[in-house]
Amino acid sequence: MTSTLTISRLTKAFGGVKALSDVSLAVAPGERVALLGHNGAGKSTLMKVILGLIAPDGGEISICGAAPGSAQARAQVAYLPENAAFHPALTGLEQITQYMRLRNLNPSGAMELLGRVGLAGAAKRRIGTYSKGMRQRVGLAQALIGQPRLLVLDEPTSGLDPVSRRDFYELLDGLAADGAAILLSSHALTEVEARTDRLLILSGGRMVAQGTLPDLRREAALPVAMHLSAINGYEGDILAALPGAIRVNGVLHLTCAQDEKLTTLARISALTDKIADLDVIPPSLEDIYSHFSRRDGQ
Amino acid sequence: MIARILATATTEIHIARRNRWVLIAVLLMVAFSLVLSAAGSAPTGVLGADRLSVVVASLTSLSVYLVPLVALLMSFDAVAGEVERGTLPLLLTYPVARWEILAGKLVAHTAILIVAIVAGYGAAAVVAIAADPAALAGLGALWRLTWTSVLLGAAFLGFGYALSSLARRVSGAAGLAIGLWLGMVVLYDLGLLAAVVADNGGLFTTRIFPVALLANPADAFRLFNLTAAHATAAASGIGGAANAIPQWQSLASIVIWPLVSLVLAAMAFRKGEP
Ligand SMILES: Nc1ncnc2c1ncn2[C@@H]1O[C@H](COP(=O)(O)OP(=O)(O)OP(=O)(O)O)[C@@H](O)[C@H]1O
Ligand SMILES: [Mg+2]
């Protein structure tokens, strides 16, 4: 299957600041890809380069076979900027109507579109009177106009309440099922884990990891933590049997590498009659993320 | 292409209406026109011209200042405002050319300008004709003033867009617009006048001065309307020089300037990352 978006060896510097160095990635039709990274990692810059708003210093980008910013690419790409802004004097309906007409679509569908993002009731009010989340929804509504082949969404769920976030990801699922490629950036790891197919992690302008969460978990090979509670009086025996275990607030903490997990568990199961309870804690999403995100300095 | 230009124009009209720009422009033009037509009624009969032609002569002097001012006030925000509000990057990701965005704004702003000019001149004409039915003879002069005013306004809309694109900050664009207005409408004439007086009928007055008048759309506008109305031209200070310049030249200047300024605006807006 050919990718909707292909980027190879992309580089961009602002004066002395290397915002992107040698970034390569591809997004296939129907794929939902999340772009993660610390503040200033280069996520927004990467998106602006994809849209042709910023010219790269080097590297190649192809969007459905077209160059970024070309008329052909713009006709197929939808964008949601971070902190989407609109003229405060316009109503939501007027704004969406303009955007639909710019895409050569009949604006009679504008109201239905605003309804899909939950703005039907406020459609005829000025955007200047909207709350932050409502403005964000206007931004989402305009990104849904037409049938974009590629959606580039910069922190699409920032400012949205939990229910709206869920609704938003349901909209995305529908678009992806219809074959749209989706690239979104986010700082919300849990929702991204649950609702996207693949993660990309940028750090200091470099792509430090990409893959599904299980891929990244395996690659990071972070230690597994185990918490044991001893049956009264057996604590000393357990500490003797398991070197490396330490006592924290009455609970025994033990860590082991991924590949030692089973042998460690076997040793623990030999002590069954001395242990009251056992918790196995895999590395959290935050642990995996910071492992990759910190690897390049920062 | 037409659909995209009209989409932008519709949006701009909504914005101008909500921001009271339409109202401000109309009120400005009507108020000043009425004041002038009241004040300008005194010399009637003295020159033998009809009442409306006299009003048109005063309106010409007024419009040289007011039309460029209104045009610049509407246009200085056009690009810089979008940059500052952060609305430009998203707009530029749509399949719309940059010149189409400017064209849409131009259509909207020109329409508002036409409404304001027609309202202002119309009010003055109604007053003049009501007072003296013979004033109907001046309708031709009024029509000429109307369409040349629209072209003058369009030229300054283009200048405003160009400054707005170059400044990329609303405050900077406002400063540049005020500077341009002062320079082209006020100081330019003062400078020319001083030079003519100092030159005392020399080479400057015969060669450079006419070209300098044509090179400024505001002066060309005044020149064209005054030469067209011979009767009042004689009463005007600038009349002597005006009569020396063929009318087609001032007409050409009036027609060419809007095109030049709009091309400048499109060029200024074309470059630059949002
Ligand atoms: N126009 C610009 N001029 C100079 N430097 C810039 C410009 N835009 C971005 N940068 C720099 O490029 C780097 C990447 O910025 P970018 O906005 O892409 O980060 P980000 O990953 O989107 O961060 P955040 O999570 O805070 O949105 C930063 O160091 C930033 O200061
Ligand atoms: Mg960002």
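Predicted model: local features only at pLDDT ≥ 70, side-chain atom pairs only at ≥ 80, totals over all residues.
View 1. Look for 14 residues around ligand 1, with Asn39(A), Gly40(A), Lys43(A), Ser44(A) and Thr45(A) coming nearest. Sort the shell by residue type and you get four nonpolar, seven polar and three charged.

**View 2. Side chains that reach oxygen atoms of ligand 1.** Asn39(A), one of the residues that come nearest, has a side-chain N or O atom 2.9 Å from an oxygen atom of ligand 1. For His187(A), the distance from a side-chain N or O atom to a ligand 1 oxygen is 2.9 Å. As for cover, ligand 1 on its own would expose 640 Å², and the protein buries 63% of that.

**View 3. Which elements of chain A give two or more residues to the shell around ligand 1?** They are strand β2 (17–27) and helix α1 (43–50), both in chain A. Of the elements, α1(A) gives the most, putting three residues into the shell.

**View 4. Helices α3 and α7 of chain B, side by side.** Here α3(B), residues 51–75, meets α7(B), residues 139–167: their axes come within 8 Å and cross at roughly 20 degrees. Angles under 35 degrees count as roughly parallel, and that is why α3(B) is described as roughly parallel to α7(B). The contact between these two helices is made up of 18 nonpolar residues and seven polar ones, with no charged residues. As for handedness, α3(B) and α7(B) make a right-handed crossing.

**View 5. Helix α7 of chain B again, now with α13.** This time α7(B) packs with α13(B), residues 247–270, at an angle of about 20 degrees, and the axes are 8 Å apart. With that angle, α7(B) is roughly parallel to α13(B). The crossing of α7(B) and α13(B) is left-handed, while that of α3(B) and α7(B) is right-handed.

Conventions: Residues numbered from 1 in each chain as written. Chains lettered and ligands numbered in written order. Heavy atoms only, no water. Axes fitted to C-alpha atoms, helices over the stretch in contact; angles between N-to-C directions. Helix = DSSP H or I, 4+ residues; strand = E, 2+ residues; numbered from the N terminus. Parallel < 35°, antiparallel > 145°, perpendicular 65-115°, else oblique. Left-handed = near helix turned anticlockwise from the far one by under 90°. Nonpolar A, V, L, I, M, F, W, Y, C, P; charged D, E, K, R; others polar. Near = heavy atom within 4 Å. Polar contact = N/O pair within 3.5 Å; in protein donor to acceptor, adjacent residues only side chain to side chain. Areas by Shrake-Rupley, 256 points an atom, 1.4 Å probe, with all protein chains shown as cover.
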